[in-house]
Amino acid sequence: MSLVDKLLQLDAAKIKMPEKEIEMKRLSELLDEKVVFKIRAIDGERYADIQRLAINISNKGNVKDIDMYKLQVLTIIEGVVEPNLKDKRLLEHFNCATPEELVKRLLLAGEITDLYNEIAKLSGYETEVEDIKN
C-alpha cells in the first residue's frame, strides 16, 4: 500500500491543530485556585507572519536582528486560546492598550519563554534549552 493510500484512510475531520493545557502556577497561587491556559499550535503561514513582524530591518534593507521577546509575545497572543488575550475586558481591567502589553503585565519573563516553547513544540518545532555548566 502506498503512502497516498494510507493517508487516504485518515479521517480528514480528525486532522486538527494540537492543543494542550498549561497551568500557570504563579497565577494559580495569586488566585488561590488553578489557572490553566489552553494553547494551540499555530499554522506555518501565521508562524512565518509572526517571525516577519519580529525582524528588525536596517536602513539599508538588511536584516539587523530578530527581536526574540517580540517573537515570543506575538506567538503567545496567537497560540493562547483561553484566556483570549485580545479580550477587551481583560485589556481594560489591566489598563493595557494592546494584547502585547497584557502579556507583559500578566506574565514574568520566564513564564513567557516557557509558554512560547510549549506553543512552538505543539506547532512542530522542537526547542531545547541547553544547560550551561560552569
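I started at Arg 89, which counts as exposed at 65% relative accessibility. (Buried is under 20% relative accessible area, exposed over 50%, and partly exposed in between, with a 1.4 Å probe and protein chains only.) Arg 89 pairs with Asp 87: their side chains meet in a salt bridge at 3.3 Å, N to O. By salt bridge I mean a side-chain nitrogen of Lys or Arg within 4 Å of a carboxyl oxygen of Asp or Glu.

A note on the model. It is predicted, so I take local features only at pLDDT of at least 70 and side-chain atom pairs only at pLDDT 80 or more, while totals for chains, interfaces and linings use all residues. Residues are numbered from 1 along each chain as its sequence is written, and side-chain values use heavy atoms, with hydrogens and water left out.

**Salt bridges**

I searched the whole structure and found eight salt bridges. Side chains of opposite charge can pair when their charged atoms come close.

I looked up Arg 40 and Glu 19 next. Their side chains form a salt bridge at 2.5 Å, N to O. Arg 40 sits in strand E2 and Glu 19 in strand E1, 21 residues apart, so the pair ties distant parts of the chain. (Helices, H or I with at least four residues, and strands, E with at least two, are DSSP runs numbered from the N terminus.) Arg 40 is partly exposed at 31%. Glu 19 is also partly exposed, at 37%.

Then I checked Arg 26 and Glu 111. This salt bridge has an N to O distance of 2.9 Å. Arg 26 is partly exposed at 25%, whereas Glu 111 is buried at 15%.

I also noted a network: salt bridges link Arg 46, Asp 49, Arg 52 and Glu 78.

I found a cis peptide bond between Glu 82 and Pro 83, with omega about 5°. Pro 83 lies in the loop between strand E5 (80-82) and helix H5 (88-93).

Asp 32 is not a glycine, yet its phi is positive, about 60°. I place Asp 32 in the loop between helix H2 (25-31) and strand E2 (36-40). Asp 32 is exposed at 73% relative accessibility.

Asn 95 has a positive phi too, near 55°. Asn 95 is in the loop between H5 and helix H6 (99-106). At 65%, Asn 95 counts as exposed.

**Helix packing**

I looked at H4 (residues 68-79) against H6. Their axes come within 10 Å and cross at roughly 100°. That makes H4 roughly perpendicular to H6. (Axes are lines fitted to C-alpha atoms, for helices over the stretch in contact, with angles from 0 to 180 degrees between N-to-C directions. Under 35 degrees is roughly parallel, over 145 roughly antiparallel, 65 to 115 roughly perpendicular, and the rest oblique.)

From H4, the contact uses Tyr 69, Val 73, Leu 74, Ile 76 and Ile 77. From H6, Pro 99, Glu 100, Val 103 and Lys 104 take part. Contact means heavy atoms within 4.5 Å.

**Surface**

Last, I checked for a nonpolar patch. Leu 3, Leu 7, Leu 10 and Ile 15 make one of about 430 Å². (Patch residues have over 30% relative accessible area and no salt bridge; like charges are joined within 9 Å, and nonpolar side chains, Val, Leu, Ile, Met, Phe, Trp and Tyr, within 5 Å.) Leu 10 is in the loop between helix H1 (3-8) and strand E1 (19-23).

Methods. Accessible areas come from the Shrake-Rupley method with a 1.4 Å probe; for residues, only the protein chains shown count as cover.
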